[in-house]
Amino acid sequence: MAYAYDPQNIFARILRGEIPNKTVLETAHTLAFRDIAPKAPDHVLVIPKGPYVTFDHFCAAASEAEIVDFTRTCAKVCEILGVEDKGFRAITNAGEHGVQEVPHFHLHILAGRPLGRMLDMSEAE
Ligand code: AMP
């Protein structure tokens, strides 16, 4: 697997403090912040601080400490958002077919309203 990481992507710039963000939670290896264009009342992006392009890249190349930190941070974000009662959706887009806009791995956590069926194929036909 040979993913080339672009250090000028917008999430890399957020991690360097060049662009502000609405932080929900920050840990040693992970940052969770509010999406700038929320698709639900709660829309949080969870990103590793390391240079990983996609979910599979992160899963294959990240250290165990980074992976544990990331997953535990996701759990804490869910707790902060209070999703246990009504539920939520976690999505990660990768590459061209996944319509990934920002080439730094991120998990979308969406909550706060009914989210419909999993895939809206209207843009894919
Ligand atoms: P994706 O299509 O999965 O790559 O999603 C990228 C997400 O990043 C979109 O939901 C954007 O609204 C969000 N986004 C882009 N720029 C920013 C930013 N500066 N702060 C927070 N979220 C952003």
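Guide: A polar contact here is a pair of N or O atoms within 3.5 Å. By that definition, the side chain of His108 has an N or O atom 2.8 Å from an oxygen atom of the ligand. The backbone takes part too: a polar backbone atom of Glu101 is 2.7 Å from a ligand oxygen atom, and a backbone N or O atom of Val99 lies 3.3 Å from an oxygen atom of the ligand. On its own the ligand has 510 Å² of accessible area, and the protein covers 88% of that (Shrake-Rupley method, 1.4 Å probe).

This is a predicted model, in which local features need pLDDT of at least 70 and side-chain atom pairs count only at pLDDT 80 or more, while totals for chains, interfaces and linings use all residues. Residues are numbered from 1 along each chain as its sequence is written, and side-chain values use heavy atoms, with hydrogens and water left out.

The shell around the ligand holds 16 residues, and the closest are Asp35, Asn93, Glu101, His106 and His108; a residue is near if one of its heavy atoms lies within 4 Å. By type, the shell has 9 nonpolar, 4 polar and 3 charged residues (nonpolar means Ala, Val, Leu, Ile, Met, Phe, Trp, Tyr, Cys and Pro; charged means Asp, Glu, Lys and Arg; the others, Gly among them, are polar). Helix H1 (10–15) and strand S2 (30–34) are the elements that give two or more residues to this shell, and H1 supplies the largest share, 3 residues (helices are DSSP runs of H or I with at least four residues, strands runs of E with at least two, numbered from the N terminus).

Technical notes
Polar contact = N/O pair within 3.5 Å; in protein donor to acceptor, adjacent residues only side chain to side chain.
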